[in-house]
Protein chains: 4
Amino acid sequence: MFFASDNAGPVHPEIMDAMARANNGYAMPYGADALMDQVRAQIRETFEAPEAAVYLVATGTAANVLALATLSQPFQTIFCSNRAHIHEDECNAPEFFSGGAKLTLVPTNDAKMTPHNLRKAIISEGTRGVHGPQRGPVSITNVTECGTVYSVPELRALTQVAREFDLPVHLDGARFANAVAATGASPAEMSWKSGVDVLSFGGTKNGAMGVEAVIFFDPKHAWEFELRRKRGAHLFSKHRFLSAQMSAYLNDGLWLDLATRANAANARLARGLKSIENLEYVHEPQANISFAKWPRASHRRLHDAGAMYYIMNGQLNGDNLGCALMARMVCDWSATNENIDRFTELARG
Amino acid sequence: MFFASDNAGPVHPEIMDAMARANNGYAMPYGADALMDQVRAQIRETFEAPEAAVYLVATGTAANVLALATLSQPFQTIFCSNRAHIHEDECNAPEFFSGGAKLTLVPTNDAKMTPHNLRKAIISEGTRGVHGPQRGPVSITNVTECGTVYSVPELRALTQVAREFDLPVHLDGARFANAVAATGASPAEMSWKSGVDVLSFGGTKNGAMGVEAVIFFDPKHAWEFELRRKRGAHLFSKHRFLSAQMSAYLNDGLWLDLATRANAANARLARGLKSIENLEYVHEPQANISFAKWPRASHRRLHDAGAMYYIMNGQLNGDNLGCALMARMVCDWSATNENIDRFTELARG
Amino acid sequence: MFFASDNAGPVHPEIMDAMARANNGYAMPYGADALMDQVRAQIRETFEAPEAAVYLVATGTAANVLALATLSQPFQTIFCSNRAHIHEDECNAPEFFSGGAKLTLVPTNDAKMTPHNLRKAIISEGTRGVHGPQRGPVSITNVTECGTVYSVPELRALTQVAREFDLPVHLDGARFANAVAATGASPAEMSWKSGVDVLSFGGTKNGAMGVEAVIFFDPKHAWEFELRRKRGAHLFSKHRFLSAQMSAYLNDGLWLDLATRANAANARLARGLKSIENLEYVHEPQANISFAKWPRASHRRLHDAGAMYYIMNGQLNGDNLGCALMARMVCDWSATNENIDRFTELARG
Amino acid sequence: MFFASDNAGPVHPEIMDAMARANNGYAMPYGADALMDQVRAQIRETFEAPEAAVYLVATGTAANVLALATLSQPFQTIFCSNRAHIHEDECNAPEFFSGGAKLTLVPTNDAKMTPHNLRKAIISEGTRGVHGPQRGPVSITNVTECGTVYSVPELRALTQVAREFDLPVHLDGARFANAVAATGASPAEMSWKSGVDVLSFGGTKNGAMGVEAVIFFDPKHAWEFELRRKRGAHLFSKHRFLSAQMSAYLNDGLWLDLATRANAANARLARGLKSIENLEYVHEPQANISFAKWPRASHRRLHDAGAMYYIMNGQLNGDNLGCALMARMVCDWSATNENIDRFTELARG
């Protein structure tokens, strides 16, 4: 019953197999492997983007901060949600890689920025001439850190605000596959057709071992990105093993199948939990993440049975005994119905 | 009728004279001038701090960011008011000099942090282990950007919160003299006796040409600061002219006299303006800055007569004609009763 | 006939198997996996260093620059060979991660620093007080970029120079295993017993997929390193797959076996090549890298037969036709006698 | 008898007077002062460059590193002489402001780069694709740190090398006036007409208090420079006092008169010293700096009489008693014939 994160699950066997197959003698290092040509072609086809520049790195933070550093200047500010991973969970990596750019936090309830709040944040910056930071890129996360999903129209509305101010748009798609699965929109619609300039296309949380693609739909910054990747120590010599992961991930729509499974697992979990009295869902579960509150006693039962998930607003054995504790549960592609149902039953008590 | 800023006023004649006197032949460069020995002694005496390490730079931003860079690590976050100069008006200089540290903004109404909100902000950071930024220094501004003043007990309450979490405290004292004049407390009480570790002690806004002292009450970081100052290109070869300014500024309490004058000018302005119908003061004026709202027609009259000040919430000729516009008025040491009274009469209409 | 680099060879099957075995359900992410406990124990035992702090990253550049950033300050200079990988092949990553430290290049003929030249370089820096960079860590590479090897006494002589000036010592051990195999000294003798403070212990060039350990023999900087790793986007969520590689690599001395094989392959290559007339070895081959010069016609023959290696001083089809071209040949663990002998015969003509 | 540096001499009275005159009431801050308009016009006229963007800062290091940061990228290397001030005397400020660019040192005997050595250095970099630093700006110093001067043809030959590789050219002109005085060429010939893109035009070492102009002959990077200046904490609020210095410095050719005086003083010193037996000039004195060697006893005599200058290769009371010690002597505009002659006589013994 592991619902702590989708970054702790197993690698899908097809991806493991592809890595094993790639281990055949010598291959050109540093991204010059033949498999990378294949990955490039697959991504361009998947995204209907024949000109896109495509790069692989091994961590989601690397994908995000190298992309943002390429899009920004150190005297600018990057606009993002107050719950954004780049703000909360990257230990100042965006500030580091950008050379000291600032992050301007757009207030949200559920990690989804509204066009109104984004515009307001943009308007509030860049008003002090040389004294304040200048307006820089807008970074959107989809699926958000609260498990909510931007639809294509919602995404377009945000990127249009960025366009009004001539700002480039980055999409943190660590869970891009789950967003595509949730909306039914195409990868192109969920990215460049909706105004996204650069996408961090995640694999690690969705069945890969450690691979993320950075996709520049306009390749003009491609060489700068390559230099920043190397300077950031993120260029792999045995790059074919990144390529092999990504190639298998894209092959026959595996990426979308796995996300569909994870989303379905979360839906099953939600159905089960919502049938419990005294249990309150915090955000409507749209992808593979759920937040819900229930009494401490049920948490204890789950904990004693070995269930793994995060409690966001306190400690299981804290002293605010009356308070309902909020769980964050994430389903990955490998979550089983058996474990989900067992979790639900334990929560029910 | 210049009330736009205290950084645009004249240099006091005694400071000009001291600079002229310092221009006598050769002097050792880079802070080895004899005048700097005198400055060091004067500051140590003024602040009752015989061990303090004292350095001079030419801009307030340099004083702040070099101090903060010395106190922080690039993987930390600096706590400050949401209205702090280091956040709004230094074009990412804190992020730059610190190597990419973050600023965590403490919400305030009038730029004064409360112990409650500071503690809440500190508690909200540093909870994610290695994933989030670590807790770093607390930076307090006194006089604040809204013209409000922390009393000694208020200052102590804030630094005690920092102490709870073992965080160092920086005080942005660009208008420290005005805060001392406003409270009647001693320089030591307004700094180290209240828990401040490093002070940016401003001269430029209070009658100097361009000099700020950075005072480390505990000298353990002194050499690192010297290296950071040089690396920041802020070490002056003809340093004696910084020393001369600061020495004259401290001599016979000139610094406090000038701030007292500026505060008195602002008090006179406030008395005059408050007697006007339809004029609303936004923060209680405690030092040398006032914020007040009044109808557009009076702003026009002042503007046509050549009065200089900032309108914070719109444009004089904007189209939201019904709205009261908010003025920010700053008095420097040289403001005359005549100009203040004329300003008041024009505002009255 | 692939002799272009040891970073392009296959992963050893035992390491592949260990990764497959690690793919069993869920594991705690970010280095909290149980396998990492095992790695830590293995490294401490291998290096006779029960207190050592041990971390894994995926690239050699990451290991080097995160270690150096932890040991240095941005106003310092790092001493290294003029042929050091950190200088020539990391695209300013050391400058980036250190926040702008400088590299002072120690002149060498064969990438091996002498105590005399290192001392001279150190003495030449740090003489300008606050004006010049301060002396920072010494970074030694073993095996060097020229394929030469420091013996234990040579290593000690260098670290003693660093100690004279109280400077910490980093060892870039991307090919540490090959150096141990070449000298027959123990891992401890080749590192901390000879005065090394922090070791980049390479796996990638010696049969792993992408894993390097950073070993702090004194753990006092451990937490700072963890924060810098995360901030550098080098902390892996599915960390168990780094652990699995390193654990298998250390198991039963596989690391040393593989390096011994690679060194033996290079020795065989050298024996063959040295028997050729008109062929000149540039450095005495001590580990798994050879540099040798021979006439262009033989290079053409090798090239036409598909041999892969770098020519260092010109182009195969350049116009300086009379000049002997210098080859750089690297053997990895998987080089076969058949390929080596075929290469030799083609070179002979 | 102060010959230690031209940065320790007095400010010229006309510059002091201009600063006093500028102290007339209020002035717009941050470079919006009317005097700055005058400075801009004066510089454009002096340099025959009607489109030039002109900015003032207070230190030579700030001028250099802000200019270089604007011209470079953090993954590049800057080419400069092995004796360059930006390498030896700015405590890593170029690395800091550029975000971690490297400096590639061109070997020289007398701090003057030759086109041959510059080309060789450029060719040696940028050959490793993404692995090594990319080629960045060329920075030339005139007058050099050895007191030697590039003629217009020499300057052109260097900038042509930069042009071959499409690299921008920065000129560190902390002693630009002395170079103009030495060569008799026009300011335009010594800068943009010879291929210089950005000039640090020094005032501080030549009679000003602390002012340097940064001149972008092509203004396309002007706004970026303004942001970098602010972010570097080098934008002065009471900017009129920088403007006043620079305006007086340029008025009626004062800048060239003062440099001509300093050069003449150095020529007189050289004539005197060269007439002494056992005294050896190290570089031919072309501007206002001399390097010469003479026996220790004469140094003692000078020292006892209070003469100030640097000994470059040892200590006055060191134990290498037989060795001739090398003096570095710098004349500023205020050096008197009396002091020069007295110095000469003491050296003669």
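User: How many cavities of 30 Å³ or more does the structure hold, and what makes something a cavity here?

Analyst: The structure holds seven of them. A cavity is a set of points on a 1 Å grid over the protein atoms alone, where a 1.4 Å probe fits but cannot get out. Points are joined across faces, edges and corners, and the volume is the space filled by probe spheres set on the points. Bear in mind that this is a predicted model: local features need pLDDT of at least 70 and side-chain atom pairs count only at pLDDT 80 or more, while totals for chains, interfaces and linings use all residues. As for bookkeeping, residues are numbered from 1 along each chain as its sequence is written, chains are lettered from A and ligands numbered from 1 in the order in which they are written, and side-chain values use heavy atoms, with hydrogens and water left out.

User: How much space lies in the largest cavity, and which residues are closest to its centre?

Analyst: The largest cavity has about 240 Å³ of space. It is lined by 23 residues, and T59(A), G60(A), T61(A), Y30(C) and S237(C) are the closest to the centre. To count as lining, a residue needs an atom within 4 Å of a point.

User: What gives the most to that lining, and how do its residues divide?

Analyst: Helix α3 (residues 60-71) of chain A gives the most, with three residues. Helices here are DSSP runs of H or I with at least four residues, strands are E runs with at least two, and both are numbered from the N terminus. By class, the lining has seven nonpolar, 10 polar and six charged residues. Ala, Val, Leu, Ile, Met, Phe, Trp, Tyr, Cys and Pro go down as nonpolar, Asp, Glu, Lys and Arg as charged, and the others, Gly among them, as polar.

User: Why is the contact between E95(A) and K102(B) called a salt bridge?

Analyst: The label needs a side-chain nitrogen of Lys or Arg within 4 Å of a carboxyl oxygen of Asp or Glu. The closest N and O atoms of E95(A) and K102(B) are 2.7 Å apart, so the pair qualifies. E95(A) sits in helix α5 (residues 93-97) of chain A and K102(B) in strand β3 (residues 102-106) of chain B, so the pair joins two chains. Over all chains, the search finds 55 salt bridges.

User: And why are E95(A) and K102(B) called buried?

Analyst: Buried means under 20% relative accessible area, exposed means over 50%, and partly exposed is in between (1.4 Å probe, protein chains only). E95(A) comes in at 2% and K102(B) at 4%, so buried it is for both.

User: How do you know that R231(C) has no salt bridge?

Analyst: For buried R231(C), the nearest side chain of opposite charge is E95(A), 8.0 Å away. Lys and Arg count as positive and Asp and Glu as negative, with His and the chain ends not counted.

User: Why is D252(C) called exposed, whereas A233(A) is called buried?

Analyst: D252(C) is at 73% relative accessibility, so it counts as exposed. A233(A) has a relative accessible area of 1%, so it counts as buried. D252(C) has a positive phi of about 55° although it is not a glycine, and it is found in the loop between α10 (240-250) and α11 (254-274) of chain C. A233(A) also has a positive phi, near 65°, and its place is the loop between α9 (222-231) and α10 of chain A.

User: Which peptide bond in chain B is cis?

Analyst: That's the one from N142(B) to V143(B), with omega near -10°. V143(B) lies in the loop between β4 (134-141) and α7 (152-164) of chain B. In chain C, a cis bond joins N142(C) and V143(C), with omega about -5°.

Notes. 1 Å grid on protein atoms, 1.4 Å probe; cavity = no way out; pocket = protein on both sides within 12 Å on 5 of 7 lines; lining within 4 Å.
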